[in-house]
Amino acid sequence: MIPPVIGVFLIYYSLSSITADQRSQISSTILQAHPLPILISFVFGVMSHLSRAYRWKYQLNPLGYHPKFINLIGSVLVNYLSNLGIPRSGDVLRVTVISAYEKIPFSKGVGTVISERVIDLVIMLLLVFSAIYMGGDWVKAELNSSSRLLMSFCIIMVLVVAIMVFPFLINSDRFPFLALIKSFFINIYKGILSIGSVSNAYAFWAHTIFIWVMYIMMFWVIQFSLPLSATLGLEVILVGFVAGGLSIAVTNGGIGLYPLAVAAVLNHYGMSYEMALAYGWIAWSTQTIMILTFGGLSFAFLPVVNRKK
């Protein structure tokens, strides 16, 4: 419950800390934004999720499972929708859905998702380091003030290591009642190792690159919906994208924090605060509406598509 409360508070803070004229200007900017770039951003987001779903099959195939694409994409979209309510709950729900409809053992499904998240984490860290390098001392100072980010990273690393080591510490001969637990975690480990035996490595990594390019393009194209005097450079886009991405780890889907984080970056690089905050709200709203729309449709139609099962 804490992340949503933080998000709501930040929405209140962001609106109450500015004047009525500024709120009116931000609202006017959002309402007058050109819809075509926003629609293109929406499409980029959909394409990234389709690619993520299709890439998942390359991890499941070596384990002996060949799920339908409709179930893969539905599971991925349900994942993101669930994360808007409870952080990281979507990963569990995603595996639960695919396990129910495709008879894939839950533990093996969890392993594939963990390996996927490790890849996401590595790519995000590379982007963070790139943003630090390109953004200079200002970015370094902002990151140094975020103890929550460092703590989250450390917790994730400890959990990943624990999951990989724990199965091998259980002696099922000495403790027979722990055999099921050991088997469960070993299946998770097999799912993680599926990354090393994907059915088409070139396609898998091509999809991985495509997914993250689409994420960045979603953020980049929003600028063309606003009356900006100049196109934003690579440094501004990268630092802004990273700031928004990190905010998603703090509050559910970045609610409240995402627009503020993006506005802080764009304002630092010379954009008016009103325009920068409007940019953040448009970018966040576009991806959130996309997830609510297609995630909700997945919840509704997956049972219908699989009714014979």
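Asp 91 counts as buried, because its relative accessibility is 12% and the limit for a buried residue is under 20%. The structure is a predicted model, and Asp 91 is found in its helix 5.

When neighbours within four places in sequence are set aside, the contacts of Asp 91 are Asn 79, Asn 83, Val 113 and Arg 117.

## Overall architecture

The protein contains 13 helices and 0 strands. Its pattern along the sequence is accordingly written as α-α-α-α-α-α-α-α-α-α-α-α-α.

Of the 309 residues in the protein, 46% are buried.

## The largest nonpolar core

In soluble globular proteins, nonpolar side chains tend to be buried together. The largest nonpolar core of this model has 69 residues, and the members that touch the most other members are Trp 212, Phe 219, Val 242, Leu 266 and Tyr 279. Two or more residues are given to this core by each of helix 3 (35-60), helix 4 (69-85), helix 5 (89-102), helix 6 (106-135), helix 10 (201-221), helix 11, helix 12 and helix 13 (273-305). Helix 13 supplies the largest share of the core, with 11 residues.

Not counting residues up to four places away in sequence, Phe 219 touches Ile 237, Gly 240, Phe 241, Tyr 258, Val 262, Tyr 279 and Ala 283.

## Packing of helix 11 against helix 12

Two packed helices are described by the angle between their axes and the distance between the axes. For helix 11 (residues 234-248) and helix 12 (residues 257-268), the angle is about 155° and the axes are 8 Å apart. The two helices are therefore roughly antiparallel to each other, since the angle is over 145 degrees. Helix 11 passes helix 12 in a right-handed crossing.

On the side of helix 11, the contact is made by Val 236, Val 239, Gly 240, Ala 243, Gly 244, Gly 245, Ser 247 and Ile 248; helix 12 contributes Leu 257, Tyr 258, Ala 261, Val 262, Val 265 and Leu 266. By class, the residues of this contact comprise 10 nonpolar, 4 polar and no charged.

## Ser 247 at the end of helix 11

Ser 247 lies in helix 11. Its relative accessibility is 2%, so Ser 247 counts as buried. With neighbours within four places in sequence left aside, Ser 247 is in contact with Gly 254, Leu 257, Tyr 258 and Ala 261.

## Packing of helix 3 against helix 13

Helix 3 and helix 13 pack at an angle of about 50°, and their axes are 10 Å apart. These two helices are therefore oblique to each other. The crossing of helix 3 past helix 13 is right-handed.

Helix 3 takes part in this contact through Ile 38, Ser 41, Phe 42, Gly 45, Val 46 and His 49, and helix 13 through Ile 282, Thr 286, Ile 289, Met 290, Ile 291 and Phe 294. The residues of the contact divide into 8 nonpolar, 4 polar and no charged.

Notes: Residues numbered from 1 in each chain as written. Predicted model: local features only at pLDDT ≥ 70, side-chain atom pairs only at ≥ 80, totals over all residues. Heavy atoms only, no water. Axes fitted to C-alpha atoms, helices over the stretch in contact; angles between N-to-C directions. Helix = DSSP H or I, 4+ residues; strand = E, 2+ residues; numbered from the N terminus. Parallel < 35°, antiparallel > 145°, perpendicular 65-115°, else oblique. Left-handed = near helix turned anticlockwise from the far one by under 90°. Contact = heavy atoms within 4.5 Å. Nonpolar A, V, L, I, M, F, W, Y, C, P; charged D, E, K, R; others polar. Core = buried A, V, L, I, M, F, W, Y, C linked by side-chain atoms within 4.5 Å. Buried < 20%, exposed > 50% of the residue type's maximum accessible area, 1.4 Å probe, protein only.
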